[in-house]
Amino acid sequence: MTHHTPHTPDAPGMTDDAVDALDARAEAVRERYRATLADVPAGVQERLRLARQFGRLPTEEAIAQLRHIVLTDSPLGARVQQLVHFGQLLALGREHPARIHARGALHAGATLADLVGVTETALITAGVPAYALGTDIIAELLPHTDSDDSDGDGDGDERARDDT
């Protein structure tokens, strides 16, 4: 059986300049995510770490380039593109990425009302589970005040509880 030794950028044979160049390339990928989502998702950070460790940074650069073409250079514009992305992820039941793209939509200028509209569309196209996921995500994005205690339990969390 053949074992592959990972290429580690910090290997003894690499110069400081080579390591700095890899760091700069990885940071350029992160910056692309910040431009569309205002942050770098944890999963992307982990993929970049693995790409560095195994000498596969070009793969992450290619993904970032494709995302830039599809999301940033879209004829839909950044706001609508992020809303579409959010709706598709709701329909697929992809909770974590849907949360990321809901925040991305807000970063691109969407409103909470826009997210509600997408969530209602998901109700028609993908059913109640997609709608429920969307409303959960939007509820998390709503600013909470101390007066938010309509269920009377004192915690400000107004979600229905199943204590059975």
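This is a predicted model: local features need pLDDT of at least 70, side-chain atom pairs count only at pLDDT 80 or more; totals for chains, interfaces and linings use all residues.
Start by selecting Arg52: at a relative accessible area of 15%, this residue is buried.

**Stop 1: the partner of Arg52**

The side chains of Arg52 and Asp23 form a salt bridge, with N and O 2.6 Å apart. Arg52 belongs to helix H2 and Asp23 to helix H1, so this pair ties together parts of the chain that lie 29 residues apart in sequence.

**Stop 2: the whole fold**

Zoom out and switch to a cartoon view. How many helices and strands does the protein have? There are seven helices and zero strands, so colouring by element from the N terminus gives you α-α-α-α-α-α-α. Of the 164 residues, 28% count as buried. If you show the accessible surface, it comes to about 10200 Å², and 57% of that belongs to carbon and sulfur atoms.

**Stop 3**

Select Ala38, in the loop between helix H1 (16-37) and helix H2 (42-53). Its phi is near 75 degrees, a positive value in a residue other than glycine. Ala38 is partly exposed, at a relative accessible area of 44%.

**Stop 4: helix H3 and its buried side**

Next, pick residues 57-72, which make up helix H3. Its 16 residues should span 22 Å at 1.5 Å a residue, and the end C-alpha atoms are 21 Å apart, which agrees. Now highlight Leu57, Glu60, Ala64, Arg67 and Leu71, the buried residues of H3. They cover an arc of only 80 degrees around the axis, which puts them on the same side of H3. What do the buried residues of H3 pack against? Their partners are H1, H2, helix H4 (77-92) and helix H5 (95-107).

Stay on Glu60 for a moment. Glu60 is buried, with a relative accessible area of 6%. Leaving out residues up to four places away in sequence, Glu60 touches Val29, Arg47, Leu48 and Ala51.

**Stop 5**

Select Leu83, Phe86, Leu90, Ala98, Leu115 and Ile137. These have the most contacts inside the largest nonpolar core, which has 15 residues. Two or more residues of this core come from each of H4, H5, helix H6 (112-126) and helix H7 (128-141). Apart from it lies another core, of 12 residues, including Tyr33, Leu48, Ala51 and Leu57. Back at Ile137, contacts beyond four places in sequence include Phe86, Leu90 and Arg99.

**Stop 6**

Arg99 lies in helix H5 and Glu140 in helix H7, so parts 41 residues apart in sequence are tied together. Arg99 counts as buried, at 15% relative accessibility, while Glu140 is partly exposed at 36%.

Then select Asp114 and Arg79, whose side chains meet in a salt bridge at 3.2 Å, N to O.

How many salt bridges does the whole structure hold? A search finds 10.

How values were computed. Residues are numbered from 1 along each chain as its sequence is written. Side-chain values use heavy atoms; hydrogens and water are left out. Helices (H or I, at least four residues) and strands (E, at least two) are DSSP runs, numbered from the N terminus. Buried means under 20% relative accessible area, exposed over 50%, partly exposed in between (1.4 Å probe, protein chains only). Accessible areas come from the Shrake-Rupley method with a 1.4 Å probe; for residues, only the protein chains shown count as cover. The expected span of a helix is 1.5 Å times one less than its number of residues. The arc is that of the directions from the helix axis to the C-beta atoms. Contact means heavy atoms within 4.5 Å. A nonpolar core is a set of buried Ala, Val, Leu, Ile, Met, Phe, Trp, Tyr and Cys residues joined through side-chain atoms within 4.5 Å. A salt bridge is a side-chain nitrogen of Lys or Arg within 4 Å of a carboxyl oxygen of Asp or Glu.
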